[in-house]
Structure formats: structure tokens, C-alpha cells
Amino acid sequence: MEKKLAQVLTQFGIRGTIQSIHYIRTGHINQTYEVTISGKSYCVQTINTYVFPNVDQVMENILSVTEHLRNKLNLRGDESYRHVLRFHSARDGKGYWIDDAGKCWRVYDFVDNAMSYNIADDLQILTDAGQAFGNFQKLLSDFDGNRLHETILNFHNTSQRYANLEAGIKRNESGRLSNVTREVEFFRARTDTANYLVDRLARKELPLRVTHNDTKFNNILIDKDTKKPLCVIDLDTIMPGLSAYDFGDAIRFCANSAAEDEPDLSKVHFCMDKFEAFTKGFIGGADGFFTDAELDSMVWGCIIMTLECGSRFLLDYIDGDKYFHADYPEHNLDRAHTQMKLVEEMEARFDEMHQIVKKYAK
Ligand code: GN1
Ligand code: MG
């Protein structure tokens, strides 16, 4: 691997002696290595072209958004170093390089002395992370969404996700369908909920924003010493979207008492205290720019993003694990189960969740 990574770095004009290589295991889609070369660390990452067939468009989105963020931070006198990802160009000026085997690579500066969490236990860190994601939307509120490519069509179109699930059920490619009758029924019973945000968007009741669309807690880097958020990462899915997508996707991940793939469901709970901590930060970080209709849609976003993600895990199980990296045969099914459990618990606390959003919206 060392030889390969050195070859990739050379393509991005970075040479020297490799001192260390760490494989970063958090994402389900891309593979990431932290490589230290001649005293400086970089993230060297493959881009999964099955998931992102149009890499030019992905990189164009990322470069224009990071430039916008950097300018805004500089304008208000904040430093952008460690707060906005900095990507390197390959020799041909592109933001990626394709090797002989057809693998697509990119390189960006590693953010020093930072870490990310898969499970959030500290409520203050959750509030701070919420603030960082809310502020991310605010910083992008004057970015023209028409400049962005839709890198994955219908990414958070939950109605379309449901249609994909039905198509996968018909194909039953893995032959696993008979194992998941109860799960399929669970999702079908919630079809009206799945359509709710898509319908409101179609009726223009909710504004399109520039959203991150993958606001997992581990997509925020936190300073190891101060424990304060530094930088929002994983910018591949930045596209026009609803603010409730970012809020909901964050909540489905960070208000879980356990990991997204915890096989023991007795450990999986929706945590109201974590929900409240993140909500406080997110709404505060957006600093009054959400409309009343958006605020009203936030709790729907939580249930719908959890439902959607669960349906995608279930579909991938039925498809035979083509999309999400799976470490063992039931991995995607375990992931689907955690999302189902969270949906049920959120449904039971819907009104209470609404009250909490209202409290911080004042
Ligand atoms: C994928 O690769 P990662 O972990 O950042 C997925 C998200 C899902 C998430 C579930 C491009 O994100 O949409 O919510 O897994 N990203 C893509 O953990 O499909
Ligand atoms: Mg991602």
C-alpha cells in the first residue's frame, strides 16, 4: 500500500519519505488513509465511482463550496486553516487522479490534532456539533444552489427511495427476501410519512437550501484538546436540499444510544437528552434563518431520514450488499433494524420532540 500511496501523492505534486500510514475506517463508501510524508499529513482517499459516477461534478461542487466557506470565514476575520478542507490538484489540474486499475483518488490536508466520534455521549459536544452543522447551512445560505450539480440523483427523495426498495423487492437479487417479510411491512406501513417532505417541497412550502446531506456525527472533526468542532467533512453530497434533511440525518445518528450497526437491539434507543442537546446547537447555529415552516418540518426530518436510511440498508441487504461496505452477511440487516427501532421510538415521542424544537426556535 505504501508504494501505491506514494504514487498517488506524487501525482498531486507531493513527494518525500512516507513516515506513517493509518487506515481511517469510519465511512461506508470511500476508503481513506492518513499519510504522513516529510512531516506533513494528508488524507489520501479513493472515491467510490459506483456511488459517484461523475467525479468531475463531485469535485466541482466541493471546490466551489470550500472556496465559498473559506472566503466567508476570512471575511469575518476567522481563520479557515483547520476549519475548511483544503484539496490538492493533480498534475493535470483536476481534483482527482485515476490510476491504471481505474481507481479514482484525491488528496486533501489532514486536519491536525482532530478526532471524530461514532457515538456521542457528551451533551456539550453534541450542542457544539449541532451549532457547527447549523452554522454550516447559514454560511452557505448565500451560495447559489444552481451552481451545484446533483451528484446523486434524488439522494434524499424518500418517495424515490421507497420506489427503489419496491424495485429491489421485485428483483430479489440475493434471494434474501423471505428473511425480511416483517421489515418490508414495517417500511410499507409508513409510506405516507416517507412522502411527507417530498410533497411539501413539491408544493413549495419549504425552501431549498444548500445542504450537506450526510450529517453523521463522525463527519464533524473535533479538536482533541478543546473538544470544540473544527471542520465539517465528507462534502461529497453537498447539493440543494431541505434543512430538515441535515437536521434529521444528524439526529438519527447522534441521538442513538448505540452504534448504527449495533446487533443487540436492547442497546438501541432514541435519546431525548441527546436530541435536545443537538437541537439547541443546530437552531442556535442557524441563527434565526430557518422559516417557521422549516422549523415545523424538523421533527419530520428526523423520522423520515431514519426511515429512509433504514430502507436503503434493507434494500442493500436484499440486493446482496452492493452499496454499503458490509463486514458480515447480516451487516446491512442489522443496520436496518437499528433504524427501525429508532423510528418507532421517535414516533412515540413526536410531540415532545416538536416542543423542544419550538423551545429553541424562540
Ligand atoms: C454513507 O460513507 P458514509 O458513511 O459517510 C451514505 C449516507 C448514509 C450513511 C449511513 C453517499 O455515508 O447517505 O446515511 O452511509 N453516503 C452515501 O451510515 O450514500
Ligand atoms: Mg458520506
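In the predicted model, helix α2 lies across strands β3 and β5 and runs at about 10 degrees to β5 (contact: heavy atoms within 4.5 Å; axes: lines fitted to C-alpha atoms, for helices over the stretch in contact, with angles from 0 to 180 degrees between N-to-C directions; helices, H or I of at least four residues, and strands, E of at least two, are DSSP runs numbered from the N terminus). Residues are numbered from 1 along each chain as written, and chains are lettered from A and ligands numbered from 1 in the order of writing. Local features need pLDDT of at least 70, side-chain atom pairs count only at pLDDT 80 or more, totals for chains, interfaces and linings use all residues, and side-chain values use heavy atoms, without hydrogens and water.

The open sheet has 5 strands in the order β1-β2-β3-β5-β4, with antiparallel pairing (at least two DSSP bridges between two strands). Strands β1 (18-24) and β4 are at the edges with a single partner strand each, so one side of each has no neighbour in the sheet. Antiparallel strands β2 (residues 31-37) and β3 (residues 40-47) are joined by 7 bridges; Gln31 is opposite Thr46 in β3.

Aromatic pairs number 16 (ring centres of Phe, Tyr and Trp, its six-membered ring, within 6.5 Å; planes under 30 degrees apart stacked, over 60 edge-to-face, the rest tilted). Phe87 and Tyr108 form a tilted pair, with 4.9 Å between centres and 45 degrees between planes. Because Phe87 belongs to the loop between α2 (55-75) and β4 (97-98) and Tyr108 to strand β5 (residues 104-109), the pair ties together parts 21 residues apart in sequence.
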